[in-house]
Amino acid sequence: MGGETPTQSKPRSEYPVLAPKPVGQLISDIYKDRISQFYARGQWEKNNLLAMMNEGVASGEPHVQLAVWDAPDQTRPTFEDAVSHEFKKTKVGEWFGPSWSTHWFKVTLKVPGDLLDKRLLELHWDANNEGMVWTDDGKPLQGLTGGGERVEWVLPDSFRDGKEHTIYVEMACNGMFGNAPGGDLIQPPDPNKFFRLDRAEVVAVNPDARQLWIDIWIIGDAAREFPADSWEQHKALKTCNEIIEAFELGSKESLKKCRKIAQQYIGPNVDSAKVYDSGKEAVVTGIGHCHIDSCWLWPFAETKRKSARSWSNQCNLMERYPELNFACSQAQQYKWLKELYPYVFERVKTKVAEGRFHPIGGSWVEHDTNMPSGESLVRQFLYGQRFFESNFGKRCQTFWLPDTFGYSSQLPQLCRLAGMNRFLTQKLSWNNINKFPHTTFNWVALDGSQVICHMPPSETYTAEAHFGDVKRSMSQHKSLDQDATSLLVFGKGDGGGGPTWQHIEKLRRCRGISDTVGLLPRIHLGNSVDDFFDRLELKADTFVTWYGELYFELHRGTYTTQANNKRNNRKSELVLRDLELLATIASIKDKSYKYPKKDFDDMWESVLLCQFHDCLPGSSIRMAYDESDEFYAKLFMTAGAILKDISKVLGVARVQTSTVADGVALNTLPWHRKGLIDISETEAAVACGHGPFLKLRKFKTSEEKPEVTLKKLAGGIFVLENNQLKVHVKDGLVTSLYDKSAEREVIPKGKKANQYVIFDDKPLYWQAWDVEVYHLDTRKELPAGKTKVHEEKNHRVSVVTETKISDKSHIEAVISLSAAVDGEQSYVEVESKVVWNETMKFLKVEFPVDVRSTEASYETQFGVVKRPTHFNTSWDMAKFEVCVHKFADLSENGYGVSILNDSKYGFATTGSLMRLSLLRSPKAPDATADMGTHRIRWAILPHEGSLGHTTVRKAFEFNSPLKLVSPTSSAARAALLDTPPVQLTSDSSPSLVLDTVKRGEDDEDVSRGELPKKKGQSVVLRIYDSLGGRARGTVATTWDIKKVSKTNLLEDELEEVAFGDGKFAIDLRPFEVATYKVQLA
């Protein structure tokens, strides 16, 4: 034993003693750059993968025969109209236009014999503009985008018979993003753009080559985007290069070999939806989406076609890709589809029933939420949810608003009252000052109501389904400590389109990478948005909270741009409020009068459409505003006819002059009102009372003791004075505003109110949208001209001043003071006429006030939002321009000043300086935005105490002046001045506002049949607390009550309310919006 030499075991492989050759390190950047060369166009395309994409191409006659009919002007004829005309022969290479014109092509296809048995046959049509493929019997099949994008239409198997088959292609002479010249898409459209038909050919596609292209695209992304210090990145780079080395030009077998290599990285199941069946938990939910702006760089009329094109595409894709779930919002677009494209609508309904196509959002359009009134937001939900319920059998659970420019503080409350407890947006990712800190959170309204909010961390609602989109769904997630899941919203958008087959194929491979290699967040397709939120809801009680508005730190200019459109919005909201109240009274008073529900629906739908987030904010092209002007003109004409019919029932007639004995004042506001009303060119009366019609009494004054006076002092100073206020005006500026009751000067010493100022207005890019903080550094005061007497009446005095802005623009402003009315706060009114023809300038008017507070208050929907008056932090400074409704207020303990307006939405308060934004002059996307003449009213309302009901009511009254009417008989007069049919009693909290009185949507004498009718008559009342405190009150009515219920916004009865003697009590929490349905006996 011992000393033996052990036998050595033979090595498993022969490792050579001598190095056979040098082997270098892979040069990462060079090998990465090589990947895209494998499928790039240009000098390589005849020798790389692209050379094998097609197995055959047939173009020209006899395989592709083309004829065209050119629709006249900018008409968009129906299929039936188009095919009734004579078509003329045309060919590839011809040009078509101009912008916005339509051309119909008759396309006769004959597949050549050598292509009949190929695996995938497609028509490739590229005219560099949008289009729609139609069957020869008028069925719209698929949208086309052009410019190399979505140019394929898969030929049906019935075309594989060697015979001729006819289809039609409807060409729209606009790109996906309109007709901007050059490369800047927001420039005003070129009216003379023409489009070349570049391709019209039958193509036999090689599916293996196409699939390999997607394989290496995504693996290449992993090589480019995974961390360089990860083995996953190095394996991706190695795999791509092995694929490239294995490729042999012309060898179909090499394609299969290449795909086998790819499977080492992406797994074996990426060619089908089975890739999602691994059973491994996913953290990213992919949902297809197609954001279609109802107008923007194209008119509303084109959006009707965009919807049909886009949703046809998705129905087609669902038949090829079973995992695709698609969510789309905006009831208006579904309605257009139903009316104009019934075949597509039925396809959509089928997919909805299958649980694949998901109507979402619950609103009429994806609307602006800053400027619409509270009731407009209610109607967005009411009309949206009713459409979805009546057409698809269910309401939406998720409010979907990815692209709106800021979010009102009352939205969570209104969402909950509309049956939705979830909210999706992402626009705050565009903030250009502060980064919003959350991805998933509970968003809390002014009244305390909350919704679960999710902002996709990929930070887009039009994801291209890139590898990077999936990666960012984790790397940019800001709420990982609470929940790591997220939504990836993918699909072509803004101009429509939705997901493409490439998107779905890419996501299959992303899932394959996650399951095979790892590191990439695991994505899953096959679930809905509601499924995603259902899972969030289980842990929502642990989410962080965000209270109040979601202020968007960009696009602040949208509060001001397109002033006429904003004025029409405000005016139409007020008109509809008035008419619904009066029509409700008339329909109950006289059974023969039919409540004009169809007219109201049409009017509301027009208002809601024009509140779309690129229309009301002022960021669309001129064509869209020409359309909206037509919508509003029709609305106001209809309103006049409705008022005429109501007046007959109520026994009144509108008059311009009257006497105290013969006239009454029409008042649509719900509190006891007392104010002056002109009854002739020189005389006024005092209207006083509670209800729709107020009795007039004589306005008493005398030369010895005038109620309001006007004096001219030395130095061009005018003094306007009534029992409450004394106003000094020089050169159009208010140099002193003395509150006689409070014994207090409102204007700081040496300062001047009603000062017009102008700013340079050149944002970084988005002209109609943005005003940047640096514009404040360019402030220039406009020197006013001389002031002169304008009006000197017993009840009102005024002075007028013309201010030159430039050689092209000026302001004529009338400053007036009316006689003070006992018990009513007086204010200084300004009525301006602005002739505006500027370029990239911003006009504002300033009011320095002797009030100090770190917060100012601004009316918002159903309440008030407070914002800082200082720049302590970047979050404070970001609010240098904010949204306002009818008033802004700056108050300290015991005193304050409110600025009222009749049509403006932009405001700023910095320190003690209040500033109302009047007009902008951007040149893109509408070069004529705001050019022309504008009439604008505002008022300075000083008040004792902090912000209170006085400001709220005066702002309503400023926007709803009394109207002079005359009863048609003494009996009518007595009836009109009787007890109001519905009111809040005088002992109710003054902060309560009865904002809406309307008939029940489904009353049997009102319903249009969308949803089941309900017996009897009912009246819906909407009441809110306007100031943010517990508010109690009593509703009293002269109508016979059968039942009272508290309802949601959709008029579902939630709880019964006790009543007696025509009255019922209400108790609202701060800023609560409460709806009551009063069932009549």
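In the predicted model, Tyr-168 is buried, with a relative accessible area of 9%. The ring of Tyr-168 pairs with that of Phe-79: the two centres are 5.5 Å apart and the planes stand at 90 degrees, so the arrangement is edge-to-face. Phe-79 is also buried, at a relative accessible area of 6%. Phe-226 counts as buried at 5% relative accessibility, and Phe-467 counts as buried at 0%.

The structure holds 47 aromatic pairs. One aromatic cluster is made up of Trp-311, Phe-326, Tyr-334, Phe-345, Phe-357, Trp-364, Tyr-383, Phe-387, Phe-388 and Phe-392. Aromatic rings also take part in arrangements with lysine side chains. The charged end of Lys-306 sits over the ring of Trp-298, at 4.2 Å from the ring centre. For Lys-844, the charged end sits over the ring of Phe-759, at 4.8 Å from the centre.

Phe-345, a member of the aromatic cluster, is among the buried residues of helix α8, together with Val-344, Arg-347, Val-348, Lys-351 and Val-352. The helix covers residues 342-353, twelve in number, and its first and last C-alpha atoms are 16 Å apart, close to the 16 Å expected at 1.5 Å a residue. Viewed down the axis of α8, the buried residues fall within an arc of 160 degrees, so they line one face of the helix. These buried residues pack against β8 (140-144), α6 (300-320), α7 (331-340), β15 (357-359) and α9 (374-392). Just after α8, Gly-355 adopts a positive phi of about 80 degrees.

Helix α12 (residues 501-516) has 16 residues and spans 23 Å from its first C-alpha to its last, close to the 22 Å expected at 1.5 Å a residue. Of the 16 residues of α12, 15 are buried, so the helix is largely enclosed by the rest of the structure. Gly-518, which follows α12, has a positive phi near 100 degrees.

Most residues other than glycine have a negative phi, and most peptide bonds are trans. Arg-150 has a phi near 45 degrees and lies in the loop between β8 and β9 (152-154). At 9% relative accessibility, Arg-150 counts as buried. Phe-1071 has a phi near 60 degrees and is placed in the loop between β55 (1063-1068) and β56 (1073-1080). At 10% relative accessibility, Phe-1071 counts as buried.

Cis peptide bonds were found at proline residues. Glu-61 and Pro-62 are joined by a cis bond with omega of about 5 degrees, and Pro-62 is in the loop between β1 (54-59) and β2 (64-70). The bond from Gly-97 to Pro-98 is likewise cis, with omega near 0 degrees; Pro-98 is in the loop between β4 (95-96) and β5 (102-109).

Two further loop positions were examined. Pro-961 lies in the loop between α18 (949-959) and β48 (963-967) and is partly exposed, with a relative accessible area of 43%. Pro-961 is 292 residues from Leu-669 in sequence, yet the C-alpha atoms of the two residues are 9.7 Å apart in space. Ser-991 is located in the loop between β49 (982-984) and β50 (992-999). Ser-991 is buried, because its relative accessible area of 7% falls under the 20% limit. Its side chain makes a polar contact of 2.9 Å with the side chain of Ser-989. Beyond residues up to four places away in sequence, Ser-991 touches Tyr-1024, Asp-1025, Ser-1026, Leu-1027 and Ala-1031.

Note on methods
Residues numbered from 1 in each chain as written. Predicted model: local features only at pLDDT ≥ 70, side-chain atom pairs only at ≥ 80, totals over all residues. Heavy atoms only, no water. Helix = DSSP H or I, 4+ residues; strand = E, 2+ residues; numbered from the N terminus. Buried < 20%, exposed > 50% of the residue type's maximum accessible area, 1.4 Å probe, protein only. Polar contact = N/O pair within 3.5 Å; in protein donor to acceptor, adjacent residues only side chain to side chain. Contact = heavy atoms within 4.5 Å. Phe/Tyr/Trp six-rings, centres within 6.5 Å; stacked < 30°, edge-to-face > 60°. Lys NZ or Arg CZ within 6 Å of the ring centre and 35° of its normal. Expected span 1.5 Å × (residues − 1). Arc of directions from axis to C-beta.
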